[in-house]
Amino acid sequence: ITHYIQGMMVVNFNARGSVDWQASLALNQAPVNDEGASIGFISGMVRDRVAFIYNDHPGNLQISDPMKKLDMVKPDTKNSATCLAYVDKYGKLDADLLWTDANEQGIILPHSAYPINRTQVVALAHSAKGNYRLVKLTFY
């Protein structure tokens, strides 16, 4: 079974109900045989920005054309990484790797996320070594 998520969109509406701006994040989550555990995203608010934590192919951070995005087919390999994206109040999007330390690399399991408070979430992470761990994520 394969599950697909190929992007997400953030839309800002003004007080009159019309769209002020929209930002989209193209990604290519299409893992095989993981029951959909590695797809999806975790969101949070950080002052005047919206934050998203998601899994994707690390090479996609450098690719702007959605048609050229690389597949994250096999989680917990060199073809998958956990990323952090911010969208500011003007619709500008910035994304980067969440974990850059080789010992911490792995993927987050978004469906396991549980909010602790307004700025913190706990979730399961699966390392490239095959270990599960509980991580606390703080949006700031």
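Biologist: Which residue in β8 is the bridge partner of L109?

Modeller: In this predicted model, L109 has L124 in β8 as its bridge partner.

Biologist: What makes β7 and β8 a pair?

Modeller: Two strands pair if at least two bridges are found between them. Strand β7 (residues 106–115) and β8 have 6 bridges, in the antiparallel sense, so they meet that cut-off. A hairpin of 4 residues links β7 to β8.

Biologist: And how do you know that β8 pairs with β9?

Modeller: The cut-off is again at least two bridges, and 7 bridges join β8 to strand β9 (residues 132–138), with the strands running antiparallel. V122, for example, stands opposite K136 in β9. In the hairpin of β8 and β9, G130 takes a positive phi near 95°.

Biologist: Why is strand β8 called largely enclosed?

Modeller: A residue is buried if its relative accessible area is under 20%. In β8 (residues 120–127), 7 of the 8 residues are buried, so the rest of the structure largely encloses this strand.

Biologist: Why is M9 called exposed?

Modeller: M9 has a relative accessible area of 52%. Exposed means over 50%, so M9 qualifies.

Notes
Residues numbered from 1 in each chain as written. Predicted model: local features only at pLDDT ≥ 70, side-chain atom pairs only at ≥ 80, totals over all residues. Heavy atoms only, no water. Buried < 20%, exposed > 50% of the residue type's maximum accessible area, 1.4 Å probe, protein only. Helix = DSSP H or I, 4+ residues; strand = E, 2+ residues; numbered from the N terminus.
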